[in-house]
Each structure stands twice: as C-alpha cells, then as structure tokens.
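The structure is shown here for reference.

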Amino acid sequence: MAEIEYNFKEIEKKWQKKWEENKSFLSKIDKSKKKFYLLEMFPYPSGKLHMGHVRNYTIGDLAARFARMKGMNVFHPMGWDSFGLPAENAAIQNNIPPRKWTEKNIDHMKKQFAMIGFSYDWTREITTYKENYYKWNQWMFLKMYEKGLAYKKMSSVNWCPQCNTVLANEQAENGICWRCESEVNRKELEQWFFKITDYAEDLLKGHEELGEGWPEQVITMQRNWIGKSTGLNINFKLESGEDFPIFTTRPDTVYGVTFMAIAPEHPFLERIKDPEVKRSIERFKKQSIADRTSEEKGKEGVDTGIKVINPFNGEKVPLYVGNFVLMDYGSGAIMSVPGHDTRDFAFARKYGLPVKIVIDDPKSPLDPDTMEDAYTADGICVNSEQFNGLSNREAIEKISDYAEEKEIGKREVNYRLRDWGISRQRYWGCPIPVIYCEKCGTVPVDEKDLPVILPTNVDFKGDSKSPLPHMKDFTETECPSCSGKARRETDTMDTFVDSSWYYAKFTSPHSDEIFDKEEVDYWMPVDQYIGGIEHACLHLLYARFFSMVMNDMGLLQNREPFTRLLTQGMVIKDGAKMSKSKGNVVDPDEIIQKYGADTVRLFMLFASPPRKDLDWSDKGVEGCFRFIGRVWRLVNKYAGLYDKDLKIEKSNPDTELHKVRIELHRTVKIVTKDIEERMQYNTAIARMMELTNVLYQIDEKILNSSEGKALISEVFSKLIPMLSPFIPHVSEEMWHILGHDEMLVNSGWPQYIDELTKREEIEIVFQVNGKIRSRARVSSDISKDEMEKMALENGRIIQSIGEKDIKKIIVVPGKLVNIVAK
C-alpha cells in the first residue's frame, strides 16, 4: 500500500473551512454547562503577526480547545486595539489616512489568524477605532466625571519629545518612554486625569481575591507600584510661620534632619527671585527623569536661601532644590537625614552640609566626621532628646504618638500611585467628550450627542503634531448649556482606556447599551487571561481599576476582571528578543508555508514552558514537523485495523500489549494534568512523543493480531483527541481517516482507567543540609515538582528549617530532595 502524503496545505485549508461552515466556535449562553471565558490580550494591528503574537495566541487556543473538549461552554473572542501612535506615524510617513492603514492591517492579520487555525468567535469581534466602541469610552468618561473620578488640572507631566505626547507615570518608568524608549522630560500642561488613587486600597485588597490565580511576581510589581506606606506627616514651618508639611516613613530619624529638599517643579518655588537659583531650577527641570533618578549619576542641588524649622527641636535647616526629588511622591518635598540615608549622605558631603547621628550602632559607636557612608541599619536612638536609649523601631511609634499629642504631626497612609493622566496630544485616539464655553466654562457633552466622532479627513502636513486643534469643523461647536459659541477638547484619550474595559464589551459587542446584562452577567469575569508581564503596571492595573469602577456603577457583578492570569515568556532568537532592529525576526508566514500551521503551533508549545522565554530553533521546528509525520504515517498504516466500537474489557498483565496499555493510560492522565493543572504543555507533548515511540517499537505481527487490533483502536481513540488542541488540523484529518463523522472539536476529552496508571511505590528521602529528616512512600512516576512540593510541606522538614532561609533545593528524581537552608 502506497504511503499517503502529509499534505498540510490542503489539510489545513480543508478543516479551517469546515470549522467556519459549521460555526464550530460560536458562543452562546448555556447555563447547563460550566462557562469558560478564555481571553488573550488583543493585538495592536501593526500589519503582521510576529512570533510573539503566535506564541501568545497558540497558548490561548490550546486552553480554549481543551476546555471545549472537557465539556465547558467556551467563550474565546478576538478584536483589535486599534487606536494609537503607530497608525498616526505611518500616516505621516506614507501619506495614508490612519483609518485606512489600520483597516488594511486588520484585514491581513485576520487572514493570518485563520491560517493558524485559532478558534475565535468572530461574531464578537470589536475594533476600538470604530464609533460603536469608542462611544462607550466617552460614556464611561462622562459617568466618571459625574462621580468626580475624571477631572482636569495643571500638572507637571511626562513628555516624550519623540512621540510628541504626554505619558502616564506607568508609561514612563525610570524616565523612559514605554513605546519608543526615548528619554522622557517634564512639562507643565493642563491635563485630564482619572482618579485611580481613590481605588488604591481596593486595588491592594483585590490581590487577596486573586490568590493563586495570578503570578506572585505580577502582584508584587503592582503592590510596589501602588507603593502603600505608613508614616508621619510632620508640620515643619518656614521662618514666616507658613506650614511646610513633609511626609516621612522614618519619624525615628527626625532629630537628624540637617536640610530639606524640594522638587524643581514644586509650585512653592514660584516665590524664588534669585536669578542664579531660578536658572538652576530650570536646568533641573530639563534633565531627564532617568538622569535625575539614576543611582550612578551624582545628585545636584541649589540652596534657596529659605530656612525650615524642625518642630521637634526648633532647629533651622536650609531648603535645597534637589534634582533627585520628584513631585510624584508625598508632597514633592522631603526631609533629609544624611546620617541615615545613602543618597542624602552623598548630597551632604558634596555641598558641605552637616551629618548628624541619631541612630547609633550598638556594637560600634559612629563618628559623623569619619563616616564614609550613611548608617542605615537598626540601632539605638541618640541625640533625640527624650527618645534617647530607645530602639529606633520602638521610637517610630513613640515619636508618632508625641507628634500627634503635641499637634505637630499626624499619622498618615501614603501611596506612590498617582492619578492616571489620560490626555494625549495626538490625533488617532478617542475624542474626550468635553466642550469649553467662555460663559459656562467646562461642559460635558450631552449623552444623547455621543459619540463625539473623530474626523477621518485629516491633513498632517508632514508634522507629528495633532491636526485636530486646526480643524474648525471639529473644534467649533455649540455649548450644550447656553447654546453659545464653544470649542471642543482637542486632546484624545490614552489608548490604554480602550483596553481597560474591552474584556466586558466582548460579551455584547452589538448591544445598543454598553452591555447586555444577561450576557455580561453570564460570561464575566474572564476565567483565564493570557499576555505579557510587561503590562503588569499598565494595562493590568488600569483594567482592574475600570472593573472596580464598573462594579460600583452596577454594570458588572464582579470586582476583578481576570480570575486567572498567565504571563507568557518572550520569543528569543540569537540571544535577544525578536525585533526588526536586531535583524533576528522570523516571519510566521514563511514558516507556515514551509512546514504548516500545526508544526508552528506544536513548536511554540513544545520548545519551552509557557511562562518561560522560548529560544527559536530551526532544528526544533523541523523536529516538530517530523513528529507530526511519524504520527501521520502510523495512523495511515494501521487505519484498517481501527474499530471505533471495539473496547478492551481486560488485558493480560503479562503481555507486551498490556504494558503499552499502561503507558497509554498513564499518558492520558499525565497530559490531562499537565494541561489542566500545571499548564506545562511542553511536558504533555514530550509524553505523547514517548508514547508514539513505544508504538513504533511493537512488532507488526503482534499489532495485526486480534488483541493488537483492539489495542490500536484504544490507542488511536485517545492519542488523536489528545493531540487535537495542539495540532488541530492534522488531528481532524486523522480522525476522519479513522472513520469518524463527528469532528474532534465537538468530541470529548479521552478518559483513563486509574487502575492502569498506578506504578509500584518507592521510598524517597527528604534531607535538610544533607541530613535525612524524613522519608515517604510515593508512586514511582512521581515528578520532580511533586517531590519538591511534598518535601516543603513535610512537617519534620518545616520544623528542621525553622527560621532559616532556603538557599537551594536539590531534587534527585525517584530518590531524594535535599534542602539547603542557612
């Protein structure tokens, strides 16, 4: 019999067409099933999918297909995060309207999605640049404005000179633009803000609800960004008697203050008249945030000539403008204690300011004249009047009590988080629904007049500045309150607003209201969300904020938008993330043309665990192609022996075929667990590869026997469905070759007989620092992760480690776990 060729091009087109014709991925409410809402972060339509996209969406597609086979009611939508700078910049460079550029890119990327076989319900598609979507951005803005959560103020903002627009703090971390990586400057502008700070505590408390569903790293990053700190707001005074409040988390060092430092942008400095000081202030303002906050670069300052009085001891200390002080934390001014802060110490030595010790080292008394750096450890209070002799930790509370008693300070909770600046001085974004009237002032657009439509016939004149302020047809309007002449707001919204609530809009994209209540109540929250960790303090924080606001407005039942979060690693080639500038980009289209979509999918899932970075390997791709070929040949060779109705009641435990059955059922169990619980898709594939190798080693004569026929039938009835979420096209074709009329996409997940999965027990040893502390009887197929988990949960091991820190865990499979603790 001639071998049937694995013609992946024909196979993939065939099954993509069948899925579309059968509406296989259409989602609708079915309360008889457990719902499963799977969502990947939707893409910006840049023109072409890159391998990072392919990996992200392949991981999600596997999870969606698996859940569908497990009998869940799956919701797997897709859309386009389609406003933003790239389209606008492309329009300027290529003289093409942003809308046209975006539509063309969406069309191409949608074809790529189909070519890879992703199981999306395209009837739920949303596109954020369309009026029927951004109308509800504007509606949400108006509702937040009504509640005092949207407001406008003059502010010192992050300005990217390359992108020619404002950036939120989260978009300018370490003074670098998140998009173009240019250095960010500070600029005074009147801006619209969302009051995310009102939700700081809610955002922190929400982490408890997220629990094990979110990576600890993301939760830690968000906690650090929100930056909750408890301290004392101290009422320092100017010589004039004017209040000069300062927040500090270290009241135990208040007696060691030898100067104060204030941010160059602080409004207080408008009173400065000295031209030399004013010149220094302006120079500091022009420095990049990266330079000002860099630990490597020396700090600069200038004495304002103003004295500040410490209310605890009456001492007068100079007020310096410090380039290292930012307006983004506390009051924009700090008390400086060079004896106990490294940065303050370096500044004091540079400008000849005194260093005073107020926390002494109990082991070796400190000398401020000979110190080479600040003393930052705990110690005993000295030079602190009635608090001398206390431990500094005890003094924090005692000094705070004293401050409140004497009304010179008050305990406060402070947050690093600042309100979200949403104004952008660019064209391609959602118009802010506000009108300015000379008579009535700032007036929100009436809801009945939404959406405020972004004009599409624009002329950029080769300039990166927004054309909106110069378009009279857009700017000139009528005041909703007095019907007098008025002008529209010409800033547009930060595009992160679009993606802060899209997950809920997917549930009812065609509704005449923001949501269809039945749909949104049924599908929300998202059960599994997938995307990059780089969005931890951007999109993921904003999305949680919006979800909480919508919950408070009665629009959503849930407070948190995403129950589980998977942050996938990057795709790396030649030691670096794939990028055009590095010349290491691999075009998905070319690989699909050469090997097929199933091969690309399999490689993306096999080359690395989802959470780790994936190293691109041409040989790895070829290896995955060969594996598919091996399964294909096996199925075609023995398809004639397959009988879907044939069941094995019992097999002889002494035969080779029984051993294969054991391997089969263990494989089903392990693959199920790897997908469902561990999300370790690479080990699931490895296990199916091992099973395939076992099948190739069986003597053909045995397989052609009646027992062999029954075995082949059982193996194929489980192996092919297991492969289908990974390589869906060829799996459907092999299922069809085996005589099945029902598509795998509508079939159930294979079951295993638990009795056949059990191995003999072995004894493993648990050690602490090389000494045996406990033993356990376990199944001989126990994994390394399971061994480690058992060791860490063992009572004797916990007792032996005590207060020590775990430095290393050594696992010898099937033998021992040694925990190194010091």
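The model is a predicted one, and the protein is divided into the domains listed below.

| Domain | Residues |
|---|---|
| domain 1 | 136-195 + 419-495 |
| domain 2 | 228-415 |
| domain 3 | 588-757 |
| domain 4 | 761-821 |

Between the C-alpha centres of domain 1 and domain 4 there is a separation of 58 Å.

**Strands β3, β4 and β5**

Strand β3, which covers residues 150-160, pairs with strand β5 (residues 185-194) in the antiparallel sense, and 10 bridges connect the two. Strand β3 is also joined to strand β4 (residues 165-167) by three bridges, again running antiparallel. β3 and β4 form a hairpin with four residues between them, and within the turn Asn164 adopts a positive phi of about 60 degrees.

**Helix α6**

In helix α6 (residues 200-210), the buried residues are Ala200, Leu203, Leu204, Gly206, His207 and Leu210. Viewed down the axis of α6, these buried residues fall within an arc of 155 degrees, and therefore they line one face of the helix. The face turned away from this buried side carries Lys205, Glu208 and Glu209, which are exposed. The elements that cover the buried residues of α6 include the helices α7 (216-226) and α15 (539-552), together with the strands β6 (228-238), β14 (409-415) and β23 (562-567). After α6 comes Gly211, whose phi is positive, near 50 degrees.

Methods: Residues numbered from 1 in each chain as written. Predicted model: local features only at pLDDT ≥ 70, side-chain atom pairs only at ≥ 80, totals over all residues. Heavy atoms only, no water. Domains from an automatic or database assignment. Pairing = 2+ DSSP bridges. Buried < 20%, exposed > 50% of the residue type's maximum accessible area, 1.4 Å probe, protein only. Arc of directions from axis to C-beta. Contact = heavy atoms within 4.5 Å.
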